[in-house]
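Open the model in your viewer and keep the selection tool ready. Each stop below says what to select and what is there.

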Amino acid sequence: MMQVQKPRLILENGLRTDGRRPDEMRPIKIELGVLKNADGSAIFEMGNTKVLAAVYGPKEMHPRHLALPDRASLRVRYHMTPFSTDERKNPAPSRREIELSKVIREALESTVLTELFPRTVIDVFMEVLQADAGTRLVSLMAASMALADAGIPLRDLIAGVAVGKADGIIVLDLNEPEDMWGEADMPVAMLPSLGQVALLQLNGNMTPEEFRKGLELAQKGINIIYNLQKDALRKKYAEYKEE
Amino acid sequence: MSVTPSNQNIVPFVKKENILAALDRGVRIDGRKLNEYRKLSITLGYAKKAEGSALVKLGDTTVLAGVKLEEEEPFPDTPNQGNLVVNVELLPLAYETFEPGPPDENAIELARVVDRSLRDSKAVDLSKLVIIPGKKIWTAWVDVYVLNYDGNILDACTLASVAALYNTKLPKIEVEGENVRIIREEKTDIIPINYPVVTVTTAKIGNHIIVDPNIDEESIADVKLSISYTRDGRIVGMQKNFSGSLTLQDVDMMENISRSAAQYLLEELKKYLNL
């Protein structure tokens, strides 16, 4: 039975429904090179959200007339597995998935040095294995790690986290109840060392002051994630070097 | 699957240097200032068979929104709420590169951003769209048709949707026990929207930030940011667009420019809708 009444999102002790502080993120786990066939792949977990991403390419673009003369094209698919949600999700692409595929493609295009591979295509596929809020950003981060794993030149890795408003409080890294019942949800993704925003959306409502406070909080989270991403890459490739 | 577009009109790229040189001098190729919005016009009731409609012209960007009401059963988890569906069609007659067929990713994104602005701001009052609680509700279909493309479709789509909803009056209902009679010929004074919402798009070209990009500016822009506002200055939606990226200072500046442009749009709406 679906819950119709909004639950309390910030409890009396000031903590959230999952016991986190307002500025605390969920635990993160990153695994690289998880698929044999792909040129690059990664599994990215944030709390109970889990996404698998794979990259193929750069390779020749078919049909040829779609190839861009001055840079590589990106072909990006964000998809949720039918068993990733509480109720089975129809596997056919929804309007939401079509929008998010576009938003993620545009974010990736801000970091991939596409001009190095004219007339080619780079395929990026993301499968949401477990959806528990924040799937677009976890997918985007999984994709950026898979691109790095494939050795494709990037301006920077992409790190992202959602900020939102729950019972009037600005919170970092929304969980599912906050996503569903909170007053605002703002996913932010950045190229951290360049200080560039690659993805920015907002639904719900915020005052301009809350918006700026949210952006600041997101940046804090992004810097923490960025270090974990670099550690994951170093771990895989540094171990290889020592052998 | 989302693919980097390859069917872009290359003419604006040829003009890129001229556009940038003009921006360096603080003017735009159509004579506007960097933070100047285009003139707009709204014609209410343009499509008479719709329950409400509005034709919006923003420069030469022309969009027509029509609202149709259909009786339906409510969703089980929201028995006391009507339903809102926004759809945007980029008609092939509106521009050279628009193709016929089901809505593509651009049309879907536009529709979803407009939908979120109307819904999250609580501007559209879904509780007003109830005929019999738990049994019968109205679904308000807002269909937005882009007739001519001259840049910044999104802002025009939000304006047209809001205006068409203000132009919509719910039909008269007579309830006798279990039976309801809907008299479509007679209208009540109830409209499905509480207050206006506007969307303002700014774009970054080179190092310049401009508001309400025209078609040439939009074609060469690195990145766009669209922000929706209510009258009390709340942000009720945001969407970054295109492959470029923004510094945090850009975002800050774009929000400031957008917030003042939103005041202009809200004043215009007030004039046309007699708010």
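Select B:Glu174 and then B:Arg181 in β9(B): the two are bridge partners. They belong to strand β8 (residues 171–176) and strand β9 (residues 179–187) of chain B, which pair in the antiparallel sense over six bridges. Strands here are DSSP runs of E with at least two residues, helices are runs of H or I with at least four residues, and both are numbered from the N terminus. Two strands pair if DSSP finds at least two bridges between them. Strands of a sheet pair through backbone hydrogen bonds, either parallel or antiparallel. Now go to the turn of this hairpin, which has two residues between the strands, and pick B:Gly177, where phi is positive, near 60°.

A note on what you are looking at: this is a predicted model, in which local features need pLDDT of at least 70 and side-chain atom pairs count only at pLDDT 80 or more, while totals for chains, interfaces and linings use all residues. Residues are numbered from 1 along each chain as its sequence is written, chains are lettered from A and ligands numbered from 1 in the order in which they are written, and side-chain values use heavy atoms, with hydrogens and water left out.

Next, show both chains. Where do they touch? The contact (heavy atoms within 4.5 Å) takes in 40 residues of chain B and 42 residues of chain A. Together the two chains bury about 3700 Å², 54% of it on carbon and sulfur atoms. Buried area is the accessible area (1.4 Å probe) that two parts lose on being put together, summed over both. On the side of chain B, select B:Met1, B:Thr4 and B:Leu248, which lose the most area to chain A, together 17% of what that side buries.

Select B:Arg112 and A:Glu99. Their side chains form a salt bridge, N to O at 2.5 Å. The rule (a side-chain nitrogen of Lys or Arg within 4 Å of a carboxyl oxygen of Asp or Glu) finds six salt bridges across this interface.

Which elements of chain B give two or more residues to the side that touches chain A? They are β1 (2–3), β5 (83–90), α3 (105–120), β13 (235–241), β14 (246–247) and α6 (248–273). Select α3(B), which gives the largest share, eight residues.

Stay in chain B and select α6(B). This helix has 26 residues and reaches 36 Å from its first C-alpha to its last, close to the 38 Å expected at 1.5 Å a residue; the expected span is 1.5 Å times one less than the number of residues. B:Asn274 follows α6(B) and has a positive phi, near 50°.

Now select the sheet that takes strands from both chains. Its six strands form an open sheet in the order β1(A)-β2(A)-β3(A)-β5(A)-β4(A)-β1(B), with mixed pairing. Pick A:Arg75 to find B:Val3 of β1(B) opposite. Further along the sheet, seven bridges join the antiparallel strands β2 (residues 40–46) and β3 (residues 49–60) of chain A. There A:Ala42 stands opposite A:Ala53 in β3(A).

- A:Pro58 is in strand β3, and the peptide bond to it from A:Gly57 is cis, with omega near 0°.
- A:Pro63 lies in the loop between β3 and β4; its bond with A:His62 is also cis, with omega about -10°.
- A:Asp173 is in the loop between β7 (169–172) and α3 (176–181). Although A:Asp173 is not a glycine, its phi is positive, about 60°.
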